[in-house]
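Subject: Structure for your review

Dear colleague,

Please find below the structure that I am handing over to you. My notes on what was found in it follow.

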Amino acid sequence: MVTQSHLTVASGDEDSAKRHQIMDGARRVFMDLGFDGASMNEIARAAGVSKGTLYVYFTDKNRLFEAIVEQESLEHGKKAFNFDPAQDAETSLRAFGRAYLEIVCRPDGGSAVRTVMAIAERMPDVGRRFYDHVIAHTMRLLGDYLAARVKAGELAIDDCYLAGAQFMMMCQATLFQPYVFQVKPAPTKKEIATVVDSATRVFLAGYRAKN
């Protein structure tokens with residue numbers, strides 16, 4: 001049995017190498033088997049630790065999954081999109097769109113989204129945190145940038161956050177859904193550039209200020 005004192009020590013050791021080792025192994029199991037198919041035995045085996053050690057750090061797979069989602073959220077939040085308010089919209093949108101698609105369509109990114117989507121109904125707090133820290137956070141950054149370009153007179157947009165969401169969806173067109181549903185592999189840089197360039201042209205055709 002795991003004692004409360006052991007759990008307290010483990011929860012306070014957020015940056016321990018063992019905790020990250022366990023989370024890396026668990027991530028692989030969740031991606032391969034999904035949340036329902038994953039077991040603590042499989043996770044312990046993949047992480048290279050005993051089941052007793054696993055329970056010292058995480059009381060059950062729900063807590064482990066939540067920790068992985070939180071880490072995904074934090075890592076995504078650290079991505080440095082270049083939203084210099086002084087930079088013109090066309091340059092910024094092309095650069096952002098390519099960087100954004102490379103993140104959401106990275107080899108393990110789609111699996112993370114699929115797993116969160118599958119569990120969000122039973123663990124709504126996890127789904128909400130992932131959405132707020134990953135998806136909505138990026139929309140807010142883009143919306144703030146667009147508002148700066150409206151103020152500069154380059155764009156004419158009534159709702160910058162709606163416009164930002166529209167641009168992100170256009171960048172995903174023909175790429176993200178086939179990828180996330182495993183119809184196609186991760187898109188190449190050339191495929192991403194083609195779709196993002198098209199999205200940028202359509203976006204600016206609708207929102208560039210008319211001089």
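To begin with the backbone, Gly48 follows helix 3 and has a positive phi, near 75°. Please note that this is a predicted model.

Helix 3 itself spans residues 40-47, and its buried residues are Met40, Ile43, Ala44 and Ala47. Viewed down the helix axis, these buried residues fall within an arc of 100°, so they line one face of helix 3.

Turning to the aromatic residues, the structure holds 11 aromatic pairs. One of them is formed by Phe30 and Phe65, an edge-to-face pair with 5.2 Å centre to centre and 80° between the planes. Because Phe30 belongs to helix 2 (residues 17-37) and Phe65 to helix 5 (residues 61-77), the pair ties together parts that are 35 residues apart in sequence. Both partners are buried: the relative accessible area is 1% for Phe30 and 3% for Phe65.

A further pair consists of Phe167 and Phe203, whose ring centres are 5.4 Å apart and whose planes lie at 70°, so this pair is edge-to-face. Phe167 is in helix 9 (residues 160-172) and Phe203 in helix 11 (residues 189-207), so that the pair links distant parts of the chain, 36 residues apart. Phe167 is buried, with a relative accessible area of 0%, and Phe203 is likewise buried, at 2%. Phe167 and Phe203 also belong to one aromatic cluster, together with Phe81, Phe83, Phe96, Tyr100, Tyr145 and Tyr207.

Finally, Lys61 lies over the face of Phe35, at 4.6 Å from the ring centre.

With kind regards

Note on methods. Residues are numbered from 1 along each chain as its sequence is written. This is a predicted model: local features need pLDDT of at least 70, side-chain atom pairs count only at pLDDT 80 or more; totals for chains, interfaces and linings use all residues. Side-chain values use heavy atoms; hydrogens and water are left out. Buried means under 20% relative accessible area, exposed over 50%, partly exposed in between (1.4 Å probe, protein chains only). Helices (H or I, at least four residues) and strands (E, at least two) are DSSP runs, numbered from the N terminus. The arc is that of the directions from the helix axis to the C-beta atoms. Rings of Phe, Tyr and Trp (its six-membered ring) pair if their centres lie within 6.5 Å; planes under 30 degrees apart count as stacked, over 60 as edge-to-face and the rest as tilted. A charge sits over a ring if NZ of Lys or CZ of Arg is within 6 Å of the ring centre and within 35 degrees of the ring normal.
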